[in-house]
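Please find below a short note for a colleague who is meeting this structure for the first time. The points are numbered so that each can be taken up separately.

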Amino acid sequence: MEFFSGLRHLFVCVFLYHVSAFMVMPAMTDVTMEALCPGRDDCALAIYLTGFQQAITGIGTLMITPLVGSLSDEYGRKSLLTLPMTVAVLPLVVLASSRTRSSFFVYYAFKTLAGMVCEGSILCLSLAYVADNVGEGRRAAAFGILSGVSVAAFVLGTLISRLLPTTLTFQIAAITAAVAAVYMKAFLIDSNSGSGAIQAADPLKPEPCKRIPSVDDILCLLRRSLTLSQVAMVAFFSTLADSGLHASLLYYLKAQFHFNKDQFADLLLIVGIAGAFSQLLIMPLVAPYLREEKLLSIGLFASCVHIILYSISWSFWVPYVAATFGVMAVFIHPCMRSIVSKQVGATEQGKAQGCISSICSFATILSPLTFTPLTALFLSDKAPFHFPGFSIMCAGFATMISFTLSLMIRSPPPITSHKASNASYILV
């Protein structure tokens, strides 16, 4: 596709970064359990620490991502990408060196810090970079390809984890993350994100960021457009469900079916291959013919089905079947981001994407407060009734709410060259 050549360096950076991140994912459950509860298949401490880390990471991204997005509107995307890409290397280096109990807690601290800085910022800046360089008519497909690149990295990272021993996996992940940061600094061409970026580059006409974005700024942006408010609600419940699923699923499978690193990797490979096929092949073909709102609803419905299937798994093979629904569930985030990008002007892309990222971060803060205690309770001997997947079922209900809300979205015509505050559909 013609827009791919202009984004190839961004795609390479995103690919390498996610390969390093996903490479260690299948091993982390076993590493965590071994450090905290050696020799056991259930560990409430591991579940609670994972939930606490998720909540702290959410608080950090809630504060940092809107700031990073707004600053990138003025100073460019590349300069703001440097910090999170560099910080992402630190926790991997710790476990690449040692995986003792003390090393795990050092990793835990660095990983929490890196999550606060990286998780929302890299996605927000990548989406804004794509919006800078792709016209509105091709943006949904471009966002789909960006997501597909991430999913392809997920597949490769998981495959590497499946084939390599744990020690070598962390070492290669650390090297890959470092290469991603160096490649980004050396080859990524900064995008022209708006007049602010140009002015900031001129020493004779400095244009500093006048104030840090606040919660009031986010609320103001959402109030200006009914569509943005609707997408924000969908994003909140969808992320609440995803965070609950990701925090619970691997511990549930380990307790229920005694899954280990290799079985986790096999399951994640199915999810990744289905997602990569969908994002890189299906979505670019159907996006020009189906509106993002319809694709979003299809993705949310598929996500609801596969989460509920996980929760009622009656045999070890059921999670593998449920994972195949990821072929449509991966439509969700590219479609949401595409809808958002069309509702603001060129100088507000970073702010708008940061706003949605902050809503998602708020959901990740609330998710552990609900799903972590439920997961620990229903995987223990003190459960009020026998339903080990109850917390995952609750995540499915949250996705069902998100799906219902998505059916109400009716996007107005996109903003092309001016800010949303000048549009005729603004609520007053």
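**Aromatic pairs and confidence**

1. Both Phe 104 and Tyr 108 are buried, where buried means under 20% relative accessible area, exposed over 50% and partly exposed in between, with a 1.4 Å probe and protein chains only. This is a predicted model, in which local features need pLDDT of at least 70 and side-chain atom pairs count only at pLDDT 80 or more, while totals for chains, interfaces and linings use all residues. Residues are numbered from 1 along each chain as its sequence is written, and side-chain values use heavy atoms, with hydrogens and water left out.

2. Because Phe 104 and Tyr 108 are 4 residues apart in helix α6 (residues 101-133), about one helical turn separates them; helices are DSSP runs of H or I with at least four residues, strands are runs of E with at least two, and both are numbered from the N terminus.

3. The model holds 13 aromatic pairs, counted when ring centres of Phe, Tyr and Trp (its six-membered ring) lie within 6.5 Å, with planes under 30 degrees apart called stacked, over 60 edge-to-face and the rest tilted.

4. Phe 387 and Phe 390 make an edge-to-face pair, because their ring centres are 5.9 Å apart and their planes stand at 70°. Phe 387 is partly exposed, with a relative accessible area of 21%, and Phe 390 is partly exposed at 23%.

5. The chain has a mean pLDDT of 78, and 86% of its residues reach 70 or more, pLDDT being the predictor's confidence in each residue, from 0 to 100.
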